[in-house]
Amino acid sequence: MGGVNNTIRDSVLFTTADSVISWSRRSALWPETFGIACCAIEMIAAGCARYDLDRFGVVFRPSPRQSDVMIIAGTVTRKFAPVVLRLYDQMPEPRWVIAMGTCAISGGVYNTYAVVQGAETFVPVDVHVPGCPPRPEALMHGFLLLQEKIKKSRALAGTPLERVAAR
C-alpha cells in the first residue's frame with residue numbers, strides 16, 4: 001500500500017476544468033428509459049448483458065429528471081410529439097438527443113399527416129442512428145459518436161464562470 005501512496009504523491013497532473021468536466025460528462029451518460037415502437041426492443045437489447053452499454057458508462061435511468069440523454073426510438077406521431085417535448089423539457093441541462101431508427105429520423109415509411117417527419121422538427125437531435133430497426137451495435141456506435149461530440153464541446157461555454165474569465 002505504501003508504494004501506491006508514494007506514486008500518487010510524486011505525480012502531478014495538469015489539466016483544464018473544461019477537459020475534466022467534459023471527461024466526466026461523456027463517461028457517465030444516463031439515457032432515459034423511453035421507447036415508442038419496435039426500435040425500443042433493440043435499445044433494450046443494447047442495455048442487456050450481451051452488448052453491455054454499462055462498460056461505456058451508459059446506465060439507463062427511469063426518470064427524465066435523472067437522465068441527460070433522450071433516445072427517441074421509434075415512430076413519433078403528432079399526438080405524441082408534445083409528450084416527448086415535455087419529457088425533453090424536464091431533463092436537466094446539459095442534455096442530448098439520439099434519434100434511433102428511420103422513423104425517428106425521417107418518418108420512415110409512414111409519409112402521412114399523423115406521423116412527424118423527423119424528430120428534429122420539435123427537439124434538437126445530436127446523433128442519428130439509421131436503420132429499421134437499427135441493431136444494438138449501431139446504438140453503441142451512436143453513443144460513441146455522442147461521446148466524441150461531448151469531448152469536442154466546451155464544457156463551460158456560456159456559464160457564469162466563463163463570463164468572469166473572459167473579463
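Trainee: Which residue is the bridge partner of Val69 in E2?

Mentor: In E2, Val69 has Trp96 as its bridge partner. Further along, Ile72 stands opposite Ala99 in E2. The names follow a rule: helices (H or I, at least four residues) and strands (E, at least two) are DSSP runs, numbered from the N terminus. This is a predicted model, in which local features need pLDDT of at least 70 and side-chain atom pairs count only at pLDDT 80 or more, while totals for chains, interfaces and linings use all residues. Residues are numbered from 1 along each chain as its sequence is written, and side-chain values use heavy atoms, with hydrogens and water left out.

Trainee: What makes E1 and E2 a pair of strands?

Mentor: Two strands pair if DSSP finds at least two bridges between them.

Trainee: Why are E1 and E3 said to stand at the edges?

Mentor: The open sheet has three strands in the order E1-E2-E3, with parallel pairing. Strand E1 (69-73) and E3 each have a single partner strand, so one side of each lacks a neighbour in the sheet. From one strand to the next, the twist averages 20 degrees; such angles run from 0 to 180 degrees between N-to-C directions, with axes fitted as lines to C-alpha atoms, for helices over the stretch in contact. Helix H3 (residues 39-47) lies across E1 and E2, at about 135 degrees to E1.

Trainee: Why is a group of residues called a nonpolar core?

Mentor: The name is given to a set of buried Ala, Val, Leu, Ile, Met, Phe, Trp, Tyr and Cys residues joined through side-chain atoms within 4.5 Å. The largest such core here has 21 residues, and Val69, Ile71, Ile98 and Phe143 are among those with the most contacts inside it. Two or more residues come from each of H3, E1, E2, E3 and helix H6 (136-152), and H6 gives the most, with five. A second, separate core of 17 residues includes Ile72, Val76, Ala81 and Ala99. In soluble globular proteins, nonpolar side chains tend to be buried together.

Trainee: What makes Cys39 and Cys48 fall into their accessibility classes?

Mentor: Cys39 has 5% relative accessibility, so Cys39 counts as buried. Cys48, with a relative accessible area of 41%, is partly exposed.

Trainee: What makes the phi of Asp52 worth noting?

Mentor: Most residues other than glycine have a negative phi, and most peptide bonds are trans. Asp52 has a phi near 55 degrees, a positive value, and lies in the loop between H3 and E1. At 28% relative accessibility, Asp52 is partly exposed. The peptide bond from Glu93 to Pro94 is cis, with omega near -10 degrees, and Pro94 lies in the loop between helix H4 (81-90) and E2. The bond from Cys132 to Pro133 is also cis, with omega near -20 degrees.

Trainee: Where is the confidence of the model lowest, and where is it highest?

Mentor: The scale is pLDDT, the predictor's confidence in each residue, from 0 to 100. The mean for the protein is 83, and 85% of its residues reach 70 or more. Helix H7 (residues 160-166) is lowest, at a mean of 49, and strand E3 (residues 127-129) is highest, at 94. Where pLDDT is low, the predicted coordinates should not be read in detail.

Definitions and conventions. Contact means heavy atoms within 4.5 Å. Buried means under 20% relative accessible area, exposed over 50%, partly exposed in between (1.4 Å probe, protein chains only).
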